[in-house]
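The following account leads the reader through selected elements of a predicted model. Please consult the sequence and the coordinates while reading.

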Amino acid sequence: MEADLFLHTDVGTFATGAPQTPTRRSPGDGPGDGLDETSESKKKKTAKVIVTNPALDLENYIVNYSGRTKIERLLLIGDRCPPLAIDALTAALSDLRATLDFNKYVAVHAKLNAALQLAGKPEVPLDHAWVENAKRVYKEKLDKLERELKDYKTNLIKESIRMGYNDLGDHYYAGGDLVNTLKSYQRTKDYCTFPKHLLDMNLSVAEVSLELGNFAHVTTYIIKCENSIEAADNKVILSAKLKCISGLVNLDSRKFKLAAKDFLDVDFALGPHFSKVISPNDIATYGGLCALATFDRSELKRKVIDNANFRQYLELEPQIRELLHGFYQSKYALCLKLMSELKNNLYLDLWFNGHVDEIYRDIRRRAQVQYFRPFESVDLNKMAAAFDTPVAALETELAALIASKDINARIDSHNKILRVRTADQRSTIFEKSLSMGTLYQTQVRHTLLRMKLVCADVLVKDPHRDRSDRNGDHRLRQAPSFSGMRGSAADSAIDNDDLMAVDA
Amino acid sequence: MAPPSSMTELCQAARDLSAAPPEFWRTYYVHNTKTFNDVRSGTIGFFTSALRDGSDPLSGALRPDDHSLIYLHVLLARLIAVDGTATPVHQLAANGPRLIMYAMTFMNHFNPVHACLAPEAMEALGNHLLSVAARLGKAVLAVLPLKVGCARWATAASATTVTTTTPAMDITYLTPLHAILCKAALLANTPTAALPVLDRDVTEVDPEAFGITYQDHLLYCYYGGMIYTQLKQHTRAMQFFELCVSAPGPHVSLIMIEAHRKLILASLLATGALPTLPKYTSEAPVLRAAKMYSNAYVDFAQAYASGSAARIDASYRAHEQEFRQHGNRGLARQCVEAVTRRAVQRLTDTYLTLSLQDIAKSVGLATDATPSTANTTGSNGGGANANAGGGATSGADQTERLVLRMIQDGQVFAKISSRDGGMVSFRDAPQRYTDAATTRRLDREIAQAMMLANRVLKMDRSIAVNKDFASKIASAESRGGSGGHGAGPGGIGIMVPMQMPGDYLMDADAF
């Protein structure tokens, strides 16, 4: 998390009062922000992909979200998908009007105008009145809240101070100042009286940290939440939320198996309750794809396909469901077709876009390994048809799989056949034991000789310091002091260059 | 008895003493130390003179077996006289060959027990012998006498120590002649000549009887490693370099650093990776020194382990100057050339059949005829360059030659079929371990292992009854075991092999 620490200190240096542009560093942030660029390039392997032919129904998609994540998602689409950019940015702009985040409003507006210009459409004028108004309201409310908080503090009413900080945090959040939001929420800690308050605080901190991209922080607060889960009004929903957050953290740190497990455990009762972070459709998609990339066949059956709870999520995303079933029933061509259909949408997803290529690669590899498992030999032409790939490309992929020991086979490149490698256990064991025996003998001999050398006091010593040695003077002529050795190498005129020339 | 003062007197005395036991020769040697020292230090006295009747005492008056000590010193005195820088060339040419012949006679017949009385003289003899042969321009002349002498001396029971223990068949002492022999073999470019000696592992070290110092040990291991490298027995070469690098002691010799460099390159050739040094290598000095002086090699090895031909080539180019300075350029170039071979070998794990073009592509021969490969193929160099313009076909041609050579060398097991423009089908190693030779080999290995186990056991017992050891253990126990580690330098040296028997026997059972 170096990148994140870095980010915070940078923000801190010019956090002088007025809210700044949000410094959220999520997988999908746009290119406008210099800070984000560097931290992103350090962490993500997948390059930014521009989608030109999206299959996304923007309205249906975005209606699942609320709050900041909705805006962030729209902005991501605005950045990555030129055909949808204008719609997305307009929608983001109208959503931003409901907040007080005037900095972002101005930035998004500029982006929208750039997009309009690119499309050859007339630009939209900036609503200066709203911006000014938002600035004023933000400032006034901030002053008011701070004043109130001061009063509470002088009166030392714990609960009021907590509320005061909470309100202040909410206000910062509305203004898009996440760093101060986080600080305010964290300050409530000292004024919590009930476990419930503590739980609320922990959850808020986790959520804001998630938005800030401070994942290490998120994990610690999730654990705190889980420990005090008894205090929650609705335990099921809270635990589902926590699973979602931890799933996202694991996804971001590319622990896909853990992420899959988290998403699979999310109770369906969560429904749209967490729309400010994640939609049920996302849970199905993330969970399904991560599971495909990391589970083996029996795990897939047991934990995903037979999972009654997760099946409900899958109903929301029929494509993912078909993909899972197709994979389980070894219909790989269908799977790959579905996956390529899904791909563009995933590139536009806030959390998933950085991992699409890696997860797809893993799924493909798993499919190939599974395809080959029941066979002694496989016709590469048929396999290529099943995977809808040219034979030559498949051959290279398989060679890589063999090299990484995922498949125990060899390629008959001439006849285009993949054959299981017949292991000759007997020869292997002979080879191994013989080499082991030789190795041990060498080691024992060396150790014994070393011991004799030590016993006989034949040690490497500095010959110049050791003139009193019995043979010291006599040997100096030949002693390998640094210059001596040069001499002896030179006078023997033994140069490996010469040796090798003779060999050639 | 008064010291002899002329050659005739000396020979007379020697004849009288023909049947004397070794103990007598010891007192004789001590008695005449001054005279012998004069011989060795070059202030020769009458030792170079002929007999009164003008004949050479070496040709009959002295016998190498009965009068080893005297014969040795007379011979040495003559070699020194001829070897001096002031000696005119014609004199060297006239006397040199004859003296080498006498040396051969001596080496064939000398009494090893007597030789142990004057190891310094033996070493001086070896050095001057080689020097004279080299100045005659025929270093090879020195190889045979040195080999015979080395073999006879190393395996004979020493007069001082071994008399008490039962002599075993496989005992081999380190002699000062070992290193000289290896050097001679390298100079004469006859590496195989030293093999009979090198192939016998040294088991005993006795500085009293053989006058060896750590340089003898280091140089022997270093030169031995070089000989095996030249013979392309890289694994064995690694063992020798490793012995050199891991030699015990608080300081680092430059020989060890040179050996470390060569060890890295030999290891690249044998295994393709950086060598792992034994745990007991004196970490701090050796590794620190290696870091200071062998950075280029470590860098090259890391590039090598990456397996990328481009990176290896770049690293080689970057350090070529340094390799050349250290005289390791040829070895490093062998490594570079072996990359392609290693890549082909790896392909056998992945493919059953593969066309020549595909091989060329995947080992990187197709795009450009890599200059390093083209050059090192020597006689083929011209042909490869001529074909370089031909693109894919030249790559395939080159690959075909490469695969062919690898098949001949037994590095891959494959068949090349000319159908479809060249198809290579790889097969498994034909070694099935079903023949009588395997059984014999197993028997031999087991016997050797048991012998080693016995030796360890014996040593273990002899240490257990050692008075110093017992008292040290007793005092350590009385102090509650805390002081055991801080014992003297001998204590640490003894503790290391003490752990071996258990370990080793356990694995012998698993055979």
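How many residues lie between β2(A) and β3(A) in the hairpin they form, and which residue in the turn has a positive phi? Four residues separate the two strands of this hairpin, and K416(A) in the turn has a positive phi of about 55°. Strand β2(A) comprises residues 409-412, and β3(A) comprises residues 417-420. The two pair in the antiparallel sense over four bridges, and D412(A) has I417(A) in β3(A) as its bridge partner.

In a regular strand, side chains alternate between the two faces of the sheet. In β2(A), A409(A) and I411(A) point one way, while R410(A) and D412(A) point the other way, and all are buried.

Strand β2(A) is also joined to chain B: two bridges link it to β1(B), residues 351-355, and these strands run parallel. Here I411(A) stands opposite Y351(B).

Turning to the helices, α4(A) spans residues 67-80 and reaches 21 Å from its first C-alpha to its last, close to the 20 Å expected at 1.5 Å a residue. This helix is mostly covered, with 12 of its 14 residues buried; among them are I71(A), L74(A), L75(A) and G78(A).

Helices α7(A), residues 128-155, and α8(A), residues 158-174, pack at an angle of about 165°, with their axes 9 Å apart. Angles over 145 degrees count as roughly antiparallel, and α7(A) and α8(A) are therefore roughly antiparallel to each other. Their crossing is left-handed. Residues of α7(A) including Y138(A), L142(A), L145(A) and L149(A) meet a set in α8(A) that includes I161(A), G164(A), L168(A) and Y172(A).

Methods. Residues numbered from 1 in each chain as written. Chains lettered and ligands numbered in written order. Predicted model: local features only at pLDDT ≥ 70, side-chain atom pairs only at ≥ 80, totals over all residues. Heavy atoms only, no water. Buried < 20%, exposed > 50% of the residue type's maximum accessible area, 1.4 Å probe, protein only. Pairing = 2+ DSSP bridges. Expected span 1.5 Å × (residues − 1). Axes fitted to C-alpha atoms, helices over the stretch in contact; angles between N-to-C directions. Parallel < 35°, antiparallel > 145°, perpendicular 65-115°, else oblique. Left-handed = near helix turned anticlockwise from the far one by under 90°. Contact = heavy atoms within 4.5 Å.
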